[in-house]
Amino acid sequence: MLKPKNKSDRNKIVIGIDATNIRGGGGITHLIELLNAAEPIKQGISRVIIWGGSKTLASLSERPWLKKINPPQLDQGVFSRILWQNLQLSKSSQDLGCDLLFVPGGSYFGNFHPVVAMSQNLLPFDLPEMRRYGWSLMQLRILLLRETQRQTFENADAVIFLTKYAEECVTKTTGFLKGKTTIIPHGLNTRFRHSIKPQISILEYSRENPYRIVYVSIVDVYKHQWNVVEAVSRLRHSGLPVELDLVGPAYTPSLVRLQKTLDKCDPHGDWCRYHGSIPYQDIHEFYNKADLGVFASSCENMPNILLENMSAGLPVACSNRGPMPEILEDAGVYFDPESADQIASALEELIYNPSLRKDLAERAYLKSQDFDWMRCAEETFKFLRRIATTFKYA
């Protein structure tokens with residue numbers, strides 16, 4: 001391959017982004033925040049091209065260096081999208097002069113290189129958590145995703161992980177990856193930042209002015225909302241004036257399980273409210289009204305919701321599984337998410353100790369400031385340029 005004639009030619013790096021299988025949830029949030037914060041020109045990248053469905057592309061801001069491409073197949077069914085990605089994306093990347101293809105969705109089977117994949121979903125690589133779905137279409141879907149992502153990571157020229165825990169979990173399945181790897185955590189939108197509330201005695205609260213606990217997350221088999229409800233129910237029975245807000249969409253079988261627990265523990269809906277799916281841009285309002293955050297997931301890649309709790313200035317009771325201790329460190333009280341007893345004990349420890357609440361909330365808030373989308377965007381595009389340059393001028 002010919003070497004560039006002068007140094008300025010080295011800046012003419014074009015990055016492609018495969019968003020063909022990103023339709024919503026955390027994948028969309030990542031793209032929105034990453035591209036809003038990005039300044040690729042400063043990283044020596046002249047252009048970014050992204051392929052995706054019309055809804056996905058419409059959610060992305062217009063930027064002078066960003067070109068959006070919406071092949072009609074990407075607004076059709078899943079098989080049409082997969083077929084287009086496998087058969088057309090590589091050619092389109094080559095035709096448009098891409099020097100690298102970034103695959104944040106984690107699955108790619110084209111022949112274009114170099115490819116940088118990203119691991120955002122840990123569930124396919126955590127078999128005990130996957131088995132919670134039993135013999136179901138959901139488990140089959142996750143098993144298929146496990147195979148496609150395993151092959152993608154093994155064949156990729158580089159892989160971005162969000163946490164050290166996620167890298168260790170994935171490579172237990174894939175073995176040593178031939179491509180380069182790096183850890184770049186996601187950032188956090190500044191609208192979640194909120195000053196720490198004065199931490200007062202629980203005696204200052206009452207049934208009319210309750211102590212409010214919030215748990216934001218999809219209702220799913222590994223999120224354990226039913227255990228949180230049981231734990232808060234026990235606190236209520238002990239006389240504590242606490243209430244619980246649950247926020248998030250739901251996997252239907254898990255919602256049925258949650259509803260059964262609510263029917264048993266709070267049949268009249270006196271103290272627990274399930275708000276369902278709330279627009280992402282409005283979620284911070286629930287943190288602002290809360291006194292304490294709880295996060296009871298047993299499987300996470302990058303626990304963004306935990307970061308939101310930390311940034312909102314809340315004392316946090318947190319699951320001791322996965323990467324949660326890697327993120328929260330010594331700034332929370334931990335519990336086994338499968339034990340309502342341990343959840344209740346963690347909540348009690350915080351509720352009865354205002355000085356502990358204040359100390360942990362301050363520590364968590366400070367730690368949350370390390371997670372910034374501008375830093376994430378800068379590190380991501382620097383890494384992409386490094387991989388692209390290595391191949392382009394090898």
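Which strands does helix α12 lie across, and at about what angle does it run to β13?

Tutor: Let's settle the ground rules, then answer. This is a predicted model, so local features need pLDDT of at least 70 and side-chain atom pairs count only at pLDDT 80 or more, while totals for chains, interfaces and linings use all residues. Residues are numbered from 1 along each chain as its sequence is written, and side-chain values use heavy atoms, leaving out hydrogens and water.

Helix α12, residues 340–351, lies across β8, β9, β11, β12 (316–319) and β13. With β13 it makes an angle of about 170°. Helices (H or I, at least four residues) and strands (E, at least two) are DSSP runs numbered from the N terminus. Angles run from 0 to 180 degrees between N-to-C directions, with axes fitted to C-alpha atoms, for helices over the stretch in contact. Contact here is heavy atoms within 4.5 Å.

Now the sheet under that helix. Six strands make up an open sheet, ordered β10-β9-β8-β11-β12-β13, with parallel pairing. At its edges are β10 (272–274) and β13 (333–335), each of which pairs on one side only. From one strand to the next, the twist averages 20°. Strands count as paired if DSSP finds at least two bridges between them. For one example, β8 (residues 211–216) and β11 (residues 292–295) pair in the parallel sense over two bridges. Isoleucine 213 has leucine 292 in β11 as its bridge partner.

Zooming in on β9 (residues 242–247), we find glutamate 243 there. Glutamate 243 counts as buried because its relative accessibility is 10%; the cut-offs are under 20% for buried, over 50% for exposed and partly exposed in between, with a 1.4 Å probe and protein chains only. The glutamate 243 side chain has a polar contact with the side chain of arginine 273, at 2.7 Å. Polar contacts are N or O pairs within 3.5 Å; within protein one atom must be able to donate a hydrogen and the other to accept it, and residues adjacent in sequence count only through two side-chain atoms. If you skip neighbours within four places in sequence, the contacts of glutamate 243 include Tyr211, Ile213, Arg236 and Trp271.

The structure holds seven aromatic pairs. In one of them, tyrosine 205 and tyrosine 211 sit edge-to-face, 5.1 Å centre to centre with 85° between the planes. Rings of Phe, Tyr and Trp (its six-membered ring) pair if their centres lie within 6.5 Å; planes under 30 degrees apart count as stacked, over 60 as edge-to-face, and the rest as tilted. Tyrosine 205 and tyrosine 211 are both buried.

Histidine 224, in the loop between β8 and α7 (225–237), has phi near 60°, a positive value in a residue other than glycine. Histidine 224 is buried because its relative accessible area is 2%. Glutamate 329 is in the loop between α11 (324–328) and β13, and its phi is near 55°, again positive in a residue other than glycine. With a relative accessible area of 43%, glutamate 329 is partly exposed.

For comparison, here is another sheet. Seven strands form an open one in the order β3-β2-β1-β4-β5-β6-β7, with parallel pairing. Its edge strands, β3 (66–69) and β7 (180–183), each pair on one side only. Neighbouring strands are turned by 20° against each other on average, direction ignored. Helix α1 (residues 25–37) packs on this sheet, touching β1 (13–19), β2 (45–52), β3, β4 and β5, and its direction makes about 160° with that of β1. In the loop between β4 and β5 sits proline 114, joined to histidine 113 by a cis peptide bond with omega of about 5°.

One last stop is threonine 163, in the loop between β6 (158–161) and α6 (164–174). Threonine 163 is buried, its relative accessible area being 1%. Its side chain reaches the backbone oxygen of asparagine 301 at 3.0 Å. Not counting residues up to four places away in sequence, threonine 163 touches Ile183, Asn301, Met302, Pro323, Glu326 and Ile327.
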